[in-house]
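Please keep the model open while reading, and look up each residue as it comes.

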Amino acid sequence: MDSSKNIFLIGLPGSGKTTLGKQLAEQLGLEFIDLDEAIIERIGMSIPDYFSAQGEGNFRLREKETLHEICATLEGFVMATGGGAPCFHFNMDTMNEHGQTIYLDVSPGDLALRIMEEGVENRPIFKSYDQQDLIQEIRDLKEMREEFYNQAKMKIRDNQITVEKIISNLSS
């Protein structure tokens with residue numbers, strides 16, 4: 001497998017992994033894969049429902065299995081991972097071995113604004129409907145996940161990350 005054509009986008013919820021991933025895949029002529037959608041397809045229910053029925057531990061195992069299966073069978077893709085995917089079962093190592101990992105590092109304040117605009121109910125990991133509380137929740141989550149995210153081969157820190165910026169960084 002030519003894993004040099006695989007790109008994994010990682011980062012906190014709301015950082016633009018799916019939106020930018022679709023655009024990036026189109027620009028590069030690669031397949032777009034949303035890891036969460038691939039898991040939903042396999043388990044036959046929403047992730048929040050699976051979390052409730054089977055618990056986070058079982059979900060994280062399914063996530064790892066799905067990631068490994070995709071890496072073993074496909075090449076030439078852009079993948080938007082779930083925000084927690086890099087933090088469990090050495091998934092970050094797997095992604096680094098199978099392609100280019102890019103951490104989309106967006107400030108907690110900007111993430112809170114995006115999440116509030118989309119609707120907090122669309123992000124079940126967050127409980128706060130107050131912007132200041134949500135910013136703190138995001139800071140806490142970032143602190144917990146940062147050691148994994150920082151293992152990415154590339155980090156783009158910007159509140160207005162564009163496909164052009166990602167492609168420019170890939171080329172350099």
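1. Helix 2 and helix 3 cross in a right-handed way, where a crossing is called left-handed if the near helix is turned anticlockwise from the far one by less than a right angle, and right-handed if clockwise. The model is a predicted one, in which local features need pLDDT of at least 70 and side-chain atom pairs count only at pLDDT 80 or more, while totals for chains, interfaces and linings use all residues. Residues are numbered from 1 along each chain as its sequence is written, and side-chain values use heavy atoms, with hydrogens and water left out.

2. Two packed helices are described by the angle between their axes and the distance between the axes. For helix 2 (residues 35-43) and helix 3 (residues 47-73), the axes come within 9 Å and cross at roughly 110°; the axes are lines fitted to C-alpha atoms, for helices over the stretch in contact, and angles run from 0 to 180 degrees between N-to-C directions. Helix 2 and helix 3 are therefore roughly perpendicular to each other, given that angles under 35 degrees count as roughly parallel, over 145 as roughly antiparallel, 65 to 115 as roughly perpendicular and the rest as oblique. Helices (H or I, at least four residues) and strands (E, at least two) are DSSP runs, numbered from the N terminus. Among the residues that meet here are Leu35, Ile39 and Ile43 in helix 2, and Tyr50, Phe59 and Leu67 in helix 3.

3. Helix 5 (residues 108-118) packs with helix 6 at an angle of about 120°, and their axes are 9 Å apart. That angle makes helix 5 oblique to helix 6, and the crossing of these two helices is right-handed. The contact (heavy atoms within 4.5 Å) involves residues including Leu111, Ile115 and Met116 of helix 5 and Leu134, Ile138 and Lys142 of helix 6.

4. How many aromatic pairs does the structure hold? There are three, a pair being rings of Phe, Tyr and Trp (its six-membered ring) whose centres lie within 6.5 Å, with planes under 30 degrees apart counted as stacked, over 60 as edge-to-face and the rest as tilted. One of them joins phenylalanine 51 and phenylalanine 59, whose ring centres are 5.1 Å apart and whose planes stand at 45°, so the pair is tilted. Phenylalanine 51 is partly exposed at a relative accessible area of 32%, whereas phenylalanine 59 is buried at 2%; buried means under 20% relative accessible area, exposed over 50%, and partly exposed in between (1.4 Å probe, protein chains only).

5. The rings of tyrosine 103 and tyrosine 149 have centres 5.0 Å apart and planes at 45°, so this pair is tilted. Tyrosine 103 belongs to strand 4 (residues 100-105) and tyrosine 149 to helix 6 (residues 131-149), so the pair ties together parts that are 46 residues apart in sequence. Both tyrosine 103 and tyrosine 149 are buried.

6. Phenylalanine 8 lies in strand 1 (residues 7-10) and counts as buried, with 0% relative accessibility. Its C-alpha atom is separated by 6.1 Å from that of isoleucine 102, although these residues are 94 residues apart along the chain. Leaving out residues up to four places away in sequence, phenylalanine 8 touches a list of residues including Leu67, Cys71, Met95 and Ile102.

7. Threonine 94, in helix 4 (residues 91-97), is buried at 6% relative accessibility. Beyond its neighbours within four places in sequence, threonine 94 is in contact with Leu67, His68 and Cys71. Its side chain makes a polar contact of 3.3 Å with the side chain of histidine 68, a polar contact being a pair of N or O atoms within 3.5 Å; within protein, one must be able to donate a hydrogen and the other to accept it, and residues adjacent in sequence count only if both atoms are side-chain atoms.

8. Most residues other than glycine have a negative phi. Histidine 89, however, has a positive phi of about 50°, and phenylalanine 90 has a positive phi of about 55°. Histidine 89 sits in the loop between strand 3 (77-80) and helix 4, and phenylalanine 90 is placed in the loop between strand 3 and helix 4. Histidine 89 counts as partly exposed at 35% relative accessibility, while phenylalanine 90 counts as exposed at 67%.
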